[in-house]
Amino acid sequence: MDGKSRLKKELGLFDVFAISTGAMFSSGFFLLPGLASQYTGPSVFLAYLVSGIFILPAMFSIAEIATALPRAGGAYFFLDRSLGPLMGTIGGLGTYLSLVFKTAFAIIGIGAYASIFWDVPVKLVAVAATMVFMGLNLIGAKKTSGLQNFFIIFLLVVLGMFIFDGLYTIFFTQRVEGPSVNEHFTPFFTNGIEGVVTTAGFVFVSYLGLTKVASVAEEIKKPERNIPMGMLLSLVVTSAVYFLGVFIMVALIDPANFANELAPAATATKQLFKWLPGNTGTYLMVGAAMAAFASTGNAGLLSSSRYPFAMGRDKLFPPKFTIVGKSGTPWLSILLTTAIILILILTLSEEGIAKIASAFQLFIFMMINFSVIVFRKSNIESYDPGYKSPFYPWMQVAGIFISLVLIVYMGWISVLFVSFVTAISFLWYYYYAREKVKREGAIFHWFALLGKYQYSELENEFMVILKEKGLRQGDPFDETIARARISSIDREMTFEHLVDFVSDTFSTEMHVSKEALVNEFMTTSAIEPALIIPEVSILYGKCEGVDHSQAGRQGRYLFRRLHTGLFLFGEPTR
């Protein structure tokens with residue numbers, strides 16, 4: 001990958017947290033609670049918690065793959081390298097369209113809330129906001145995340161005040177009855193447990209932004225630490241705000257009106273913030289809503305614009321989309337995404353389209369969970385995630401089942417949408433990309449009987465990514481160096497004789513053939529040029545039958561040659 005298509009690593013832990021959190025707070029808190037209550041009644045706040053639990057498998061799976069393969073494109077890149085370019089095309093185009101749809105409707109929300117205070121056209125404000133976000137994205141991801149951080153800090157401060165004042169009013173004042181005697185909580189389950197599950201599926205869209213950060217993984221510093229930690233912190237904070245915030249709305253808003261309430265947070269706020277003058281509390285909540293929609297729109301444009309860039313790099317899109325400007329951003333991809341968002345803003349108005357688009361995200365989550373199983377079973381040595389999903393493979397199986405159930409609950413229109421996007425993606429791959437792409441996914445490494453379809457360069461690509469990531473703290477390579485045997489030779493000899501001499505020593509200690517070791521070390525591999533620096537040679541070899549330390553495992557060896565001698569390090573592969 002040349003410098004013209006390489007993105008800058010500028011994003012830290014809080015940036016990850018801000019992008020992920022900002023992509024979740026919009027309609028989920030400021031629009032959906034009232035509408036969702038019609039399915040389950042007062043227990044709607046429990047449904048939000050259940051929905052947050054439902055997304056855990058997808059979060060763990062994406063965190064694992066993203067720490068192993070921190071590349072732009074997120075779900076697209078993961079699916080392409082695990083299940084092959086056809087599934088990568090389907091996942092890439094589908095996820096890209098889903099994100100663009102959701103981003104467009106979030107930006108429309110800015111105009112809608114702005115119209116509460118000022119007599120301005122909703123779509124005109126949305127168009128202006130889109131152009132501002134485009135400019136920030138063109139300047140650089142760090143500038144974009146800087147605005148994102150501001151939105152998130154302001155939003156969390158206001159929502160924190162809302163939750164603190166709401167809980168205090170409910171439990172420590174006489175103005176509102178507590179849950180035990182509050183008629184707003186009776187009956188608690190209007191449609192039983194099935195109602196809670198149905199509602200959890202309805203509000204699942206509130207959490208889909210959690211995984212957007214994977215599409216900018218290539219721009220994240222220390223991805224093996226910052227990606228899983230940032231996503232987990234984001235989910236914990238968001239789940240807590242949803243759970244407590246919706247609980248307060250249920251306690252404060254008349255049940256007869258709650259189900260039809262399109263601005264429940266603003267309505268509930270009218271009974272709070274009595275310590276602020278006039279309608280200051282309501283203004284703050286409306287401002288927070290605008291910040292939420294703005295953060296979702298900003299994060300959506302940032303993350304979705306990386307999909308054409310990543311697909312162009314892999315020849316599934318025209319190569320011009322891989323061009324990176326002086327500011328380190330894929331400017332053509334950003335312009336394309338902005339143009340599509342503007343078209344959607346100016347031509348569409350039904351929010352249901354954005355919800356239907358979320359059905360494809362659920363389909364992608366199914367495939368992502370399956371991809372973790374594929375990568376692990378493929379035994380590709382350079383697949384080296386810094387974070388591994390807990391409870392493998394049951395976590396992934398649960399994620400596949402949950403996604404399938406939720407798609408069914410979303411109705412037949414959602415199933416048709418997934419089928420339509422899949423068909424369009426298949427046609428694009430067949431007529432445009434098929435002849436340009438000469439690779440297969442890790443799934444063919446898993447099924448050894450299909451060995452003729454293995455893509456040998458996949459392991460080398462993963463090795464290059466591993467090299468770019470650098471060593472993490474506690475990396476097994478550090479232990480290898482610490483346990484290394486050092487052979488120092490004072491007399492002069494050729495490099496070939498040096499390899500022969502040390503191979504003789506290690507063949508005895510590791511109970512392997514000397515000839516096999518020499519042949520392995522002297523065979524040039526495709527990755528060696530990336531590992532050679534002046535006056536240092538590093539050779540990599542592996543052979544079966546090493547019984548040193550761990551019987552029956554493959555051995556991994558590294559040679560290092562300096563002016564005065566040669567050092568050999570041996571380690572059984574884990």
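**Entry 1**

I started at phenylalanine 391, which lies in the loop between helix 17 and helix 18. I take helices as DSSP runs (H or I, at least four residues; strands are E, at least two), numbered from the N terminus. The model is predicted, so I note its rules: local features need pLDDT of at least 70, side-chain atom pairs count only at pLDDT 80 or more, and totals for chains, interfaces and linings use all residues. Residues are numbered from 1 along each chain as its sequence is written, and side-chain values use heavy atoms, with hydrogens and water left out.

I looked up phi of phenylalanine 391 and found a value near 55°, positive in a residue other than glycine. Is phenylalanine 391 buried or exposed? Its relative accessibility is 65%, so I count it as exposed. My cut-offs are under 20% relative accessible area for buried, over 50% for exposed, and partly exposed in between (1.4 Å probe, protein chains only).

Proline 393 is in the loop between helix 17 and helix 18 (394-409). The peptide bond from tyrosine 392 to proline 393 is cis, with omega near 0°.

I found a cis bond elsewhere too. It joins threonine 186 and proline 187, with omega about -10°. I place proline 187 in the loop between helix 9 and helix 10.

Lysine 222 also has a positive phi, near 50°, and is not a glycine. I find lysine 222 in the loop between helix 10 and helix 11 (223-252). Its relative accessible area is 62%, so lysine 222 is exposed.

**Entry 2: aromatic rings**

How many aromatic pairs does a search of the whole structure find? I get 23. Rings of Phe, Tyr and Trp (its six-membered ring) pair if their centres lie within 6.5 Å; planes under 30 degrees apart are stacked, over 60 edge-to-face, and the rest tilted.

I picked phenylalanine 45 and phenylalanine 188. Their ring centres are 5.8 Å apart and their planes stand at 65°, so the pair is edge-to-face. Phenylalanine 45 is in helix 4 (residues 44-54), and phenylalanine 188 is in the loop between helix 9 (141-172) and helix 10 (192-202), so this pair ties together parts that are 143 residues apart in sequence.

Phenylalanine 188 also pairs with phenylalanine 189, edge-to-face, at 4.9 Å centre to centre and 80° between the planes. Phenylalanine 45 is buried at 8% relative accessibility. Phenylalanine 188 is partly exposed at 26%, and phenylalanine 189 is partly exposed at 38%. Ring pairs link Phe45, Phe171, Phe185, Phe188, Phe189, Phe243 and Phe247 into a cluster.

**Entry 3: charges**

I count three salt bridges. The test is a side-chain nitrogen of Lys or Arg within 4 Å of a carboxyl oxygen of Asp or Glu.

Glutamate 64 meets arginine 376 at 2.8 Å, N to O. Glutamate 64 is buried, at 0%, while arginine 376 is partly exposed, at 22%.

Arginine 81 bridges to aspartate 80, with the closest N and O atoms 2.6 Å apart. Both arginine 81 and aspartate 80 are buried.

Glutamate 435 and arginine 434 meet at 3.9 Å, N to O. Arginine 434 also lies over the face of tyrosine 430, 4.2 Å from the ring centre. For a charge over a ring, NZ of Lys or CZ of Arg must be within 6 Å of the ring centre and within 35 degrees of the ring normal. Lysine 436 has its charged end over the ring of tyrosine 432, 4.0 Å from the centre.

**Entry 4: a covered helix**

Helix 3 (residues 32-40) is mostly covered, with seven of its nine residues buried. Among them I noted Leu32, Pro33 and Leu35. Just after helix 3, glycine 41 takes a positive phi of about 75°.
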